Amino acid sequence: MKKLVTIGILGLLFVFATQACRNNGTDPQEPGDLEHVPYDPQPYTILKPTFFPNVPVPEDNPMTYDGVQLGRRLFYDPILSADSTMSCASCHLPAGNFTDNKAVSVGIDGIAGKRSSMALLNIAYATNGLFWDGRAASLEAQALMPVEDPVEMHHHWPQLVEQLKEHPGYPALFRKAFGIKNRSEISKELAAKAIAQFERILISSGTSKYDKFAQGDVDVFDDEELDGYLMYFEEAWKYGLNLPDAQCFHCHGGITLTGNNYFNNGLDSVGSLDEFKDFGRFKVTGNPSDKGKFRTPTLRNIALSGPYMHDGRFQTLEQVIDNYARKGFGVSNEDPNLPLMGLNAPNNTLTQDHKKAIVKFLHTLTDTVFINNPDIQNPF
Amino acid sequence: MSPTMQKQTFLIAFLAAALLFSACHEHDNDGPKTNFTVNFSASFSGERLTKYKDYPFGANQIPLQFNLFSTYLSDIELVSADGSTHRLAEVEYLNFNPDNAPSDLSVIRDITYTNVPEGDYTGIRIGYGVKAALNAKNPADFANNHPLALEGEYWNGWDSYIFTKVEGKTDSDKNGSYDIALLYHCGSDAVYKVYTFNTPVHVHAGEPALNVNFDLEKLFIMDDGSYYDIVTNFYTSNDPADVSVAQVLMHNFEKATSVTQ
């Protein structure tokens, strides 16, 4: 009899315990299984220099503290790739200005892509398409693509979403970020929104030598850096100096030093536009004149972002400037600024000293405070 | 002057000022209002502008191509017979480049303005460029979707927006090779222009849109009918003290603009 009572009590305890667990929402089969996790969205204020414009944020993806934290984890988590070896950060590392410092990136199957990874610094301001060809209209749209790209992460979103649902930590993080009540609501769209939120905080610190100069500390540059600056921005007249125009700022202008546009910047001598190895922007617009055009990257932190160009063909900034100093090849859709490179120089051609000064100026765009910002490092 | 005369003079001056103010004030009637569309377009010699297309230019018919045309307009106002005005827009940015289009045909910008007082206006007034009050600001001063928030349209060197950009190239010796790049970026308060076009503008429900066209060939035709020497003057100076080339283009905008309804 005593034995029966004991068994009965134990049985009741088990039932209570099970029920208690269910009430805590840990059974993924139950509707509202995440409701026990607090949802208290706190707006995230993006830190930016005062002289930077406000960061564009889409209405359907407001920045929250938990959204950014979820995005940061997803960005650095190799769970996004089919064999869990590769994360977004594999090709976008902070130390490389969120590039991988390789000519072209290699995916999980060892297949090399055809383009170099793009820097993500100030990517929130890119409002005219993402990727070298602009095929993604928004950060949210962009974040969806590498996961299923066979030469990148080669995963499948439905499987990845299942992994996230079954993960011991992610469901609660999705709840905190987006207020979902059940892990079944986790979707690729929410994952992409979170990653986009994290990417929107990748903003310059405003502490580069160039920023200090632009904000009025005119003594921060040495003479060579100043010459480079004046040629880059074509402001030699301000100082009564006789320096040529390097035409840089026409395409790499504005606060982020990119015009967010697409150009044939005179890399290849082709007989016709059909001879370009990579058609670039044409694949998006279908306009034959866009063959061989690519998006201008930001030049902020450019010294940390090599190799250069969409295919990583140049290892150094010196090679880049040498190439521009050739003024293109006269291909029909080349940017008209190219032939004017070196205007007002002897023979309208940049000298070695001019080129050296421009490269030295480009080094003043380095922002080490940004790449060392603890808020953007790997959280794992 | 006696105290009485002083009072009379003051009264007359006050009434004159009031009249003047009344004549210049913003047209703001309580009558019916409607939506009104303006189609902004670009052309060359009457033909819709096409990027990279060869256009014969000047007395020698040298080949000329364009790859970019964009412009800011300020204080676009409808003008009434009594001199009062209704402002359609404080500033517009018009980029005619078909950047995301499958062809090189220039973009037509249809902009619909709301709550426009119905009426028969005598013309339209347009400021070419960015008016001084706004040009004193910079892109960081504006919300992201504002036309003046465009980073690439501002040049710190001038402390000015780039009012208009015309870029292209020409085959100056007609040997089949484009040898001269054309780069006209006009900016700074000194080249801001305001032109009034005395074309009747009927704003009533059901009326057709107003067409405002900019003909790039006429942008390079001088007042005496001669063609501008684009081979010699192939770019605008960076020195704001030398705006001679920019002045030519901004001056010629009046002739290059046609307004029809």
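Me: Where does A:Pro307 lie in this predicted model?
Reply: Happy to start there. A:Pro307 sits in the loop between β2 (294–295) and α11 (317–325) of chain A.

Me: And what kind of peptide bond joins A:Gly306 and A:Pro307?
Reply: A cis peptide bond, with omega at about -5°.

Me: Why is A:Asn97 called buried?
Reply: Let's set the count against the cut-off. A residue is buried if 20 or more other C-beta atoms lie within 10 Å of its own. A:Asn97 has 27 other C-beta atoms within 10 Å, so A:Asn97 is buried.

Me: What is the phi of A:Asn97, and where is A:Asn97 found?
Reply: Phi is near 60°, a positive value in a residue other than glycine. A:Asn97 belongs to the loop between α2 (65–76) and α3 (139–148) of chain A.

Me: What makes A:Phe98 count as buried?
Reply: The cut-off is 20 or more, and A:Phe98 has 26 C-beta neighbours inside 10 Å, so A:Phe98 counts as buried. A:Phe98 is placed in the loop between α2 and α3 of chain A, and its phi is positive, about 65°, although A:Phe98 is not a glycine.

Me: Which domains is chain A divided into, and how many residues does each give to the contact?
Reply: The division is into domain 1 (31–204) and domain 2 (209–364). The contact takes 28 residues from domain 1 of chain A and 25 residues from domain 2 of chain A. On the side of domain 1 that touches domain 2, twelve residues are nonpolar, eleven polar and five charged. The C-alpha centres of the two domains lie 30 Å apart.

Definitions and conventions. Residues numbered from 1 in each chain as written. Chains lettered and ligands numbered in written order. Predicted model: local features only at pLDDT ≥ 70, side-chain atom pairs only at ≥ 80, totals over all residues. Domains from an automatic or database assignment. Contact = placed C-beta atoms within 7 Å. Nonpolar A, V, L, I, M, F, W, Y, C, P; charged D, E, K, R; others polar. Helix = DSSP H or I, 4+ residues; strand = E, 2+ residues; numbered from the N terminus. Buried ≥ 20, exposed ≤ 12 C-beta atoms within 10 Å, placed from the backbone.
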